[in-house]
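Keep the structure open while you read. The text moves through it a few places at a time.

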Amino acid sequence: MPSDLTDVPIDDLLKEVSRRLECSKKPERRLILIGPPGCGKGTQSPAIKDATCTCHLATGDMLRAAVAAKSALGLEAKKAMDSGALVSDDLVVGLIEEAIKAPQCTKGFILDGFPRTVVQAKKLDEMLAKQGAAIDKVLDFQVPDALLVERVVGRWVHPASGRSYHTKFAPPQKPGVDDLTGEALIQRKDDNAETLKTRLSAFHSHTQPVIEHYAKKVAVLQAEKKAAEVTQQISKVLGL
């Protein structure tokens, strides 16, 4: 919603007021989405975001945005990336800490792509604890490895919104074009079978312990099912 509302249609204003009133009644939620590449997180996260009035934080997108904005953390991240080094966990947690101060994160957040290790999870927990907060729920998107290749190689995404499509399972109305904006879709360069095997190996060895770290807060989703059925599982878990 623009700061100057002069030219905004009254119907749009009323809808936004109604949305904010509904959001004000919702509880705060701090969620983590965990799952292997192609598990459907990208398909489900926009719906979760809208239903919970939270903000969606994908750490890869946050890093790229910080670098583009040339913020202090962004410049530090760029220095690391340019040297071929990994961006430090402390820097990523710092980006998250800054991001959750935004008005759209008042009701909480959905973390997608972080934490990927127990060390990262502990650093995240420490940051939230200083604010008197904690992770409320971890959604564990489980899909058998054998089903993931077909999902990944046919995946296309809308970069600006994060909306995800699939040439077979969830095709856009017009090939290569986002349904809502008409903008071009892209296919990530690592969405191929060879890269997937490497990523799956890393996921199982590093990320599975994160699920164990949050064991009491984990809700297992049978994410190999159709998107609508997975949405129903999520709604039940979150009480939506």
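Predicted model: local features only at pLDDT ≥ 70, side-chain atom pairs only at ≥ 80, totals over all residues.

Start with two packed helices. Such a pair is described by the angle between the axes and the distance between them. Take helix α2, residues 41-52, and helix α9, residues 227-238. Their axes come within 11 Å. They cross at roughly 35 degrees. The crossing of α2 and α9 is right-handed. Which residues of α2 and α9 meet? From α2 come Thr43, Gln44, Ile48 and Thr52. From α9 come Ala227, Val230, Thr231, Ile234 and Leu238. By class, the contact of α2 with α9 holds five nonpolar and four polar residues. No charged residue takes part in that contact.

Stay with Thr231 for a moment. This residue belongs to helix α9. Its relative accessible area is 30%, so Thr231 is partly exposed. Now look back along the chain to Arg20. Thr231 and Arg20 are 211 residues apart along the chain. Their C-alpha atoms are separated by 23 Å.

Helix α7 covers residues 145-153, and helix α8 covers residues 193-213. Their axes lie 10 Å apart, and the packing angle is about 130 degrees. That angle is why α7 counts as oblique to α8. The crossing of α7 and α8 is right-handed. On the α7 side, the contact uses Asp145, Leu148, Val149, Val152 and Val153. On the α8 side, it uses Ala193, Leu196, Leu200 and His204. By class, the contact of α7 with α8 has seven nonpolar residues, one polar and one charged.

Now turn to a strand residue with a charged side chain. Asp112 lies in strand β3, residues 108-112. Is Asp112 buried or exposed? Its relative accessibility is 11%, so Asp112 counts as buried. Where does its side chain go? The side chains of Asp112 and Lys41 are joined by a polar contact of 2.8 Å. Set aside the neighbours within four places in sequence, and Asp112 is in contact with Leu33, Lys41, His56, Leu57, Ala58 and Thr59.

Leu57 leads on to another residue. Leaving aside neighbours within four places in sequence, Ala99 is in contact with Leu57, Met62 and Cys105. Ala99 itself lies in helix α5, residues 89-99. Compare its position with that of Thr181. Ala99 and Thr181 are 82 residues apart in sequence. In space they are 25 Å apart, C-alpha to C-alpha.

A second pair can be set beside that one. Pro27 and Gly108 are 81 residues apart in sequence. Here the C-alpha to C-alpha distance is 8.7 Å. Pro27 is found in the loop between α1, residues 10-24, and β1, residues 29-34.

Then go to strand β6, residues 164-166, where His166 lies. Its relative accessibility is 8%, so His166 counts as buried. What does the side chain of His166 reach? It reaches the backbone nitrogen of Phe169, at 3.2 Å. Beyond the neighbours within four places in sequence, His166 is in contact with Glu150, Arg151, Gly154, Arg155 and Pro171. Of these, Glu150 and Arg151 fall within the residue range 145-153 of helix α7.

Finish with the backbone. Most residues other than glycine have a negative phi. Two loop residues here have a positive value. Phi of Cys53 is near 60 degrees. Cys53 sits in the loop between α2 and β2, residues 55-58. At 13% relative accessibility, Cys53 counts as buried, because the limit for buried is under 20%. Phi of Lys70 is near 55 degrees, also a positive value in a residue other than glycine. Lys70 lies in the loop between α3, residues 59-69, and α4, residues 72-82. Which side of the exposure scale does Lys70 fall on, buried or exposed? Its relative accessible area is 62%, so Lys70 is exposed.

Key. Residues numbered from 1 in each chain as written. Heavy atoms only, no water. Axes fitted to C-alpha atoms, helices over the stretch in contact; angles between N-to-C directions. Helix = DSSP H or I, 4+ residues; strand = E, 2+ residues; numbered from the N terminus. Left-handed = near helix turned anticlockwise from the far one by under 90°. Contact = heavy atoms within 4.5 Å. Nonpolar A, V, L, I, M, F, W, Y, C, P; charged D, E, K, R; others polar. Buried < 20%, exposed > 50% of the residue type's maximum accessible area, 1.4 Å probe, protein only. Polar contact = N/O pair within 3.5 Å; in protein donor to acceptor, adjacent residues only side chain to side chain. Parallel < 35°, antiparallel > 145°, perpendicular 65-115°, else oblique.
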